Amino acid sequence: MRKKIIWSALELDGSPWVLIATEQGICRIVMPNETLEDWSSWITRIAPGAELVEDEQAINGTGMVDWLQAYFAGEQIRYTDEIPLDLIGTAFQQQVWKELGRVPYGEVRTYGDIAAAIGRPTAVRAVGAANGANPIPLLLPCHRIIGANRKLTGFRGGLELKRRLLDLERIEGVTDGGHERFHF
């Protein structure tokens, strides 16, 4: 039972981000186009009656802030299991998210690649939905997942941010695309 939800705001790459954690670890990275209030119903659902506490020191103690700062400083930083996570999702979603963590810095994969890697090669659309629900973007790099045609697809943070992240990692050969609702 989650009794306390901890959060802290920070600035990364000139934009506001929010990190949310439970007693078990980081459970959500709120991107610049979102606010903590946008996630209030989700917080209530995953931790009914939990106390919401701003605690920069506790969030910093997870190592997530240092990891994100190194990432935006251009370090070729990889997924690490040293950052405690509380992945809240279905077993399938968690399987997809863990596979996202295996995509190396500076490389991309398609939704089909991820589906095949988890042993569910026909579950491409389900992988896409799980990718879109990824609560820990960047660490679990959903921005590195592209369409089979090497085009950008959706991204909760917007395709402008997705392109910025791919450029930061010097990933080339990915063309613009994606649904209009992600063009921000």
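## About the model

The model is predicted, so local features need pLDDT of at least 70 and side-chain atom pairs count only at pLDDT 80 or more, while totals for chains, interfaces and linings use all residues. Residues are numbered from 1 along each chain as its sequence is written, and side-chain values use heavy atoms, with hydrogens and water left out.

## The overall fold

Let's begin with the big picture. The protein chain has seven helices and six strands; these are DSSP runs numbered from the N terminus, with helices being H or I of at least four residues and strands being E of at least two. Starting at the N terminus, the order of elements is β-β-β-α-β-α-α-α-β-α-α-β-α. The radius of gyration is 16 Å, close to the 16 Å that the globule rule gives for 184 residues, so the protein chain is as compact as a globular protein of that length. Here the radius is taken over C-alpha atoms, and the rule is 2.2 Å times the number of residues to the power 0.38.

Along the principal axes, the C-alpha atoms fill a box of roughly 45 × 35 × 30 Å. Among contacts in the protein chain with a separation of 6 or more, 60% join residues 24 or more positions apart; a contact means heavy atoms within 4.5 Å.

## Surface and charge

Of the 184 residues, 50% count as buried. Buried means under 20% relative accessible area, exposed means over 50%, and partly exposed is in between, using a 1.4 Å probe and protein chains only. The accessible surface of the protein chain comes to about 9200 Å², and 47% of this belongs to carbon and sulfur atoms. These areas come from the Shrake-Rupley method with a 1.4 Å probe, and for residues only the protein chains shown count as cover.

The protein chain carries 20 positive and 24 negative side chains, and the centres of the two sets lie 9 Å apart. Lys and Arg count as positive, Asp and Glu as negative, and His and the chain ends are not counted. Each charge is placed at NZ of Lys, CZ of Arg, CG of Asp or CD of Glu.

## The cysteines

A search of the whole structure finds zero disulfides, a disulfide being a pair of cysteine sulfur atoms within 2.5 Å. For Cys 27, the nearest cysteine sulfur is that of Cys 142, 16 Å away, which is too far for a bond. Cys 27 is buried at 0% relative accessible area, and Cys 142 is buried at 5%.

## Helix α3 and its surroundings

Helix α3 spans residues 64-72 and is mostly covered, with seven of its nine residues buried. Among them are Met 64, Trp 67 and Tyr 71. The buried residues of α3 pack against β1 (4-12), β2 (15-21), β3 (26-30), α2 (56-60) and α7 (159-168). Just after α3, Gly 74 takes a positive phi of about 90 degrees.

Leu 68 counts as buried, at 0% relative accessibility. Beyond its neighbours within four places in sequence, Leu 68 is in contact with Leu 12, Leu 19 and Leu 138. Leu 68 and Ile 136 are 68 residues apart in sequence and 11 Å apart in space, C-alpha to C-alpha.

## A residue at the surface

Lys 3 lies in the segment before β1 and is exposed, with a relative accessible area of 59%. Leaving aside its neighbours within four places in sequence, Lys 3 is in contact with Glu 23, Ala 50 and Glu 51. Lys 3 and Glu 75 are 72 residues apart in sequence, and their C-alpha atoms are 35 Å apart in space.
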